[in-house]
Amino acid sequence: EVLRCFDRDHPTLSLGEVAKRLGWRRTEPFRFLHTLEALGYLRRDLVTKRYGLTPKVLEIGFSALANLQLPELAQPYLERLRDRTNASAHVGILDGNDVIYVGRAAARSILSSTIHVGSRLPAKATAIGKTLLAAKTDEWIKAWLKGNELTRYTATTLAETRALLDALHENRR
């Protein structure tokens with residue numbers, strides 16, 4: 001809570017200002033400020049007696065980010081995409097011939113996508129799969145296609161190598 005007192009509008013604070021922002025008596029935040037200063041998270045200006053954050057606080061944030069997994073990192077972006085498009089948004093990873101869906105923000109309508117986190121679908125037959133494949137080189141895709149039957153799942157599924165490569169080139173553009 002003490003660290004959260006500092007923000008863009010309040011880059012430096014006095015002991016009294018920290019106490020006021022926290023709703024504490026003036027003497028209560030002193031030991032917290034002293035400890036945070038000793039640990040290197042705060043710096044106190046000897047002239048003004050005001051405290052400010054040091055770059056060391058970034059270590060906490062970077063450690064938290066390093067421990068986040070792709071779904072956690074992607075979720076705010078999925079929700080923003082869903083809200084802008086009024087459609088479900090997904091994130092997936094390529095695993096062999098399939099896409100595994102690892103994140104989802106369902107549309108807020110009855111016509112929401114029924115794909116759930118953990119679903120595994122053929123990469124060549126899904127929009128997200130084709131997007132992931134489009135990021136690969138033609139050589140990689142041709143090697144990937146060897147032994148990978150181009151099954152037709154629907155009337156619009158690309159079941160010929162040339163058609164799939166053409167679609168992936170278009171996606172890249």
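# A guided look at helices, rings and cores

Guide: Helix α4 (residues 70-85) holds 16 residues and reaches 22 Å from its first C-alpha to its last, close to the 22 Å expected at 1.5 Å a residue. This is a predicted model, in which local features need pLDDT of at least 70, side-chain atom pairs count only at pLDDT 80 or more, and totals for chains, interfaces and linings use all residues. Residues are numbered from 1 along each chain as its sequence is written, and side-chain values use heavy atoms, with hydrogens and water left out.

Visitor: What makes 22 Å the expected reach of α4?

Guide: The expected span is 1.5 Å times one less than the number of residues, and α4 has 16 of them. Helices are DSSP runs (H or I, at least four residues), and strands are too (E, at least two), numbered from the N terminus.

Visitor: Where is the kink in α4 centred?

Guide: The kink is centred on Pro-76 and is about 35°. That bend is the angle between axes fitted to the seven residues ending there and the seven starting there.

Visitor: Why is the pair of Trp-24 and Phe-32 called tilted?

Guide: Rings of Phe, Tyr and Trp (its six-membered ring) pair if their centres lie within 6.5 Å; planes under 30 degrees apart count as stacked, over 60 as edge-to-face and the rest as tilted. The centres of Trp-24 and Phe-32 are 5.5 Å apart with planes at 45°, so this pair is tilted.

Visitor: And why is the pair of Trp-140 and Trp-144 called stacked?

Guide: Here the planes are at 15° and the centres 6.2 Å apart, so the pair counts as stacked. Both sit in helix α6, four residues apart, which means about one helical turn separates them.

Visitor: Which is Trp-144, buried or exposed?

Guide: Buried means under 20% relative accessible area, exposed over 50%, partly exposed in between (1.4 Å probe, protein chains only). Trp-144 has 9%, so it is buried, whereas Trp-140, at 33%, counts as partly exposed.

Visitor: How do you know that Lys-136 lies over the face of Trp-140?

Guide: A charge sits over a ring if NZ of Lys or CZ of Arg is within 6 Å of the ring centre and within 35 degrees of the ring normal. Lys-136 lies over the face of Trp-140, at 4.8 Å from the ring centre.

Visitor: Which residues touch the most other members of the largest nonpolar core?

Guide: Trp-144 and Leu-168 do, in a core of 13 residues. Such a core is a set of buried Ala, Val, Leu, Ile, Met, Phe, Trp, Tyr and Cys residues joined through side-chain atoms within 4.5 Å.
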